[in-house]
Amino acid sequence: MTLLPNYLIIQILRNLINFCDEIEYLNSFLVRFTLVSKDWNQNVIPKLHCINTLNYEDGIEQCSKRQFQRIIKSGVTFELSFRPDITGSEDIQYLVKDLTTKLSVKGLNRNFDDFPKIKLINLSVYNNRSGLEFLDHQYFIDKGINLDIFALPDPDDSPTICRTLIKLPNIITLFLMDIQHCLKFTKDFPSLSTLTNLTLCKITFTTIEDFYAIIDNATKLDFLDIEKIDFSKVISNPYDKIIERIVNSPSSKTLEILGLINSQGSISYSSILMLIQYLVKVTKLSLFSGKLIVDSYNQPRLPGKIQHMSLEFDQIDRPTFGMLDIFSHFPLVSLSISPRTLHNIDLTKDFCSRPIFRDLSTLTITKLLNCTENEDLSKQESLTTYFINKVISANIKSLTSMYLSGVKDDSPFIFKEFKESLQRNTSLTHLNINHIDIDNCIEFLENSPPTIRKIQLKMLDLGKGSYRSLIKPLQKHKYLLSFDIKCWLISYGMIPLYLEILKHNKTLTSLQFPTTLRDVVTPEQLSELKSILNSNDQINTIRTNNDDILALLTKYMCKGNRY
């Protein structure tokens, strides 16, 4: 037998060690592979490095003092994200202080000198007990410690928190949500020179200048997401003016990801052209609006660096405007569109040969936000179904993933409408479906082509059916690698379902059902799962809230997703 040289073994183990970024996974990895040989322990294991920062979130239950000592002794290099306020952290803090580069905290009332290599503090702010007002600004500046802040303050505490926030230095990520009339940024905001990532969601500004102060002065902003902000009370045609301001600001040269979500307002087509022309670094552009105002028929020039585009509008005010035709020459990797943008496409022609589909790997068809007329709804559903079938039947080689949503939230996926086109397609490997009922789900599983390897369902409607009817088709499926249901309206524990499917299916690598508070497991079930994991080396991801199962999964180097 020829043994692999160490450099090849190291490459293989590097892939394995970076499969999961939880500290208990690293412990299980070392338990398994440090038993191989002394040579491995001296010449292989110490050369491994965890690329991602590892998380230590659950205290002593996640990784004990003895386990941490084993990890450190192994020689594997890694950086740690640590929560010092969790139960049991005191016993291991002295072990991890030189490994910790990121702290996750809900308050700043501690001595950060205990962690000499700290680079980033992830702070969640909900009330005045966060300790923001006691922060030593100069200490953070001198040490080069950055702040990543998520703020969803209590309404009574919002004014105090906002006054403190806008004085903080070294903020690189700022997520602000549900703040009313008390957020007043100025050009003297100290973090304008460090802020790179900004999300504003459900914020009410007293004046538009409070918002412009950030846009006009942030020189390093590469991510900007504005969601559900009603500017109409302080300015007319707000989003067109905001776009114009962004285009003429320093951030126009630095922004890489831009999202404007404004379901009740409007955006003009000329503003979209302006964004594409002047935001030269943007790779992802997401525009959601209740209405698109067509004030120009000009074609955009070169698409710049845009690879991911979302264009979702409930209404387009010119019925002859072909939105998809306008952007047909963009070589996109992913495209998300609403049914309204499909108007006026000549579906009788070979539209799938256009450049927009040449490199496209992911296509998303979203629902309408505000569609109330039954006649219009029926027309949109018919057009959307026809378009999807045309795309699937075209068998576009690059297109491997599709997300399909009904025109309305309660419009389920009807498998028979797409059965023929799916059977002809050999390129799609991943289908993500917004809403499907149990009967269509069973029919889909029993008739899906062998090229479909991953199925994600956002909502499974059981109706009068039983979730147990999923067992047989999943037991027998020979090609599916991943099956994931995000939501269904039942509260039963899913442990028996996992056991019955995984006893027979040796192909699935990921099986995820919605978590419940009743994920109770008996000793017999735990023993059965252990037996399955001993004989099934394919499965690597299960969703559960049960701590005993999560601990067992970790021992077998599997991921246990809680949510």
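Tutor: A term must be settled before the pairs are examined: a residue is called buried when its relative accessible area is under 20%, exposed when that area is over 50%, and partly exposed in between. Lysine 97, at 30% relative accessibility, therefore counts as partly exposed. The mean pLDDT of the chain is 84, and 90% of its residues reach 70 or more. Among the elements of the chain, strand S17 (residues 482–485) has the highest mean pLDDT, 95, while helix H11 (residues 323–326) has the lowest, 73. Where pLDDT is low, the predicted coordinates should not be read in detail.

Side chains of opposite charge can pair when their charged atoms come close. A search of the whole structure finds eight such salt bridges. One of them joins the side chains of lysine 97 and aspartate 98, with 3.5 Å from N to O. Aspartate 98 has a relative accessible area of 39% and is therefore partly exposed, and lysine 97 is partly exposed as well.

The side chain of lysine 486 meets that of aspartate 484 in a salt bridge of 3.2 Å, N to O. The two partners fall into separate classes of accessibility. Lysine 486 has 45% relative accessibility, so it counts as partly exposed. Aspartate 484 has 4%, and therefore counts as buried. A salt bridge also forms between the side chains of arginine 543 and aspartate 484, at 3.0 Å from N to O. Arginine 543 belongs to strand S19 (residues 541–543) and aspartate 484 to strand S17, so this pair ties together parts that are 59 residues apart in sequence. Both arginine 543 and aspartate 484 are buried. Through shared partners, salt bridges join Asp484, Lys486 and Arg543 into one network.

Arginine 245 lies over the face of tyrosine 212, at 3.9 Å from the ring centre. Lysine 559 takes up such a place over the face of phenylalanine 19, where the distance to the ring centre is 4.6 Å.

A pair of aromatic rings is described by the distance of the centres and the angle of the planes. The structure holds 16 aromatic pairs. Phenylalanine 185 and phenylalanine 189 form one that is tilted, with 5.1 Å centre to centre and 50° between the planes. Phenylalanine 185 is buried because its relative accessibility is 4%, and phenylalanine 189, also at 4%, is buried as well. Elsewhere, ring pairs link Phe413, Phe415, Phe418 and Phe444 into a cluster.

Leu4, Ile12 and Leu16 make a nonpolar surface patch of about 250 Å².

Two loops may be compared in terms of accessibility. Lysine 253 is in the loop between helix H9 (238–247) and strand S9 (257–268), and at 59% relative accessibility it counts as exposed. Its C-alpha atom is 9.0 Å from that of leucine 221, although the two residues are 32 apart in sequence. Isoleucine 118 sits in the loop between strand S3 (100–105) and strand S4 (120–125), and at 8% relative accessibility it counts as buried.

Aspartate 178 has a positive phi of about 55° although it is not a glycine. This aspartate 178 lies in strand S6 (residues 171–180), and its relative accessible area of 34% makes it partly exposed. Asparagine 395, which is not a glycine either, has a positive phi of about 50°. Asparagine 395 is placed in the loop between helix H12 (374–394) and strand S14 (401–404). With a relative accessible area of 16%, asparagine 395 is buried.

Methods. Residues are numbered from 1 along each chain as its sequence is written. This is a predicted model: local features need pLDDT of at least 70, side-chain atom pairs count only at pLDDT 80 or more; totals for chains, interfaces and linings use all residues. Side-chain values use heavy atoms; hydrogens and water are left out. Patches are made of residues with over 30% relative accessible area and no salt bridge: like charges are joined within 9 Å, nonpolar side chains (Val, Leu, Ile, Met, Phe, Trp, Tyr) within 5 Å. Accessible areas come from the Shrake-Rupley method with a 1.4 Å probe; for residues, only the protein chains shown count as cover. A salt bridge is a side-chain nitrogen of Lys or Arg within 4 Å of a carboxyl oxygen of Asp or Glu. Helices (H or I, at least four residues) and strands (E, at least two) are DSSP runs, numbered from the N terminus. Buried means under 20% relative accessible area, exposed over 50%, partly exposed in between (1.4 Å probe, protein chains only). pLDDT is the predictor's confidence in each residue, from 0 to 100. Rings of Phe, Tyr and Trp (its six-membered ring) pair if their centres lie within 6.5 Å; planes under 30 degrees apart count as stacked, over 60 as edge-to-face and the rest as tilted. A charge sits over a ring if NZ of Lys or CZ of Arg is within 6 Å of the ring centre and within 35 degrees of the ring normal.
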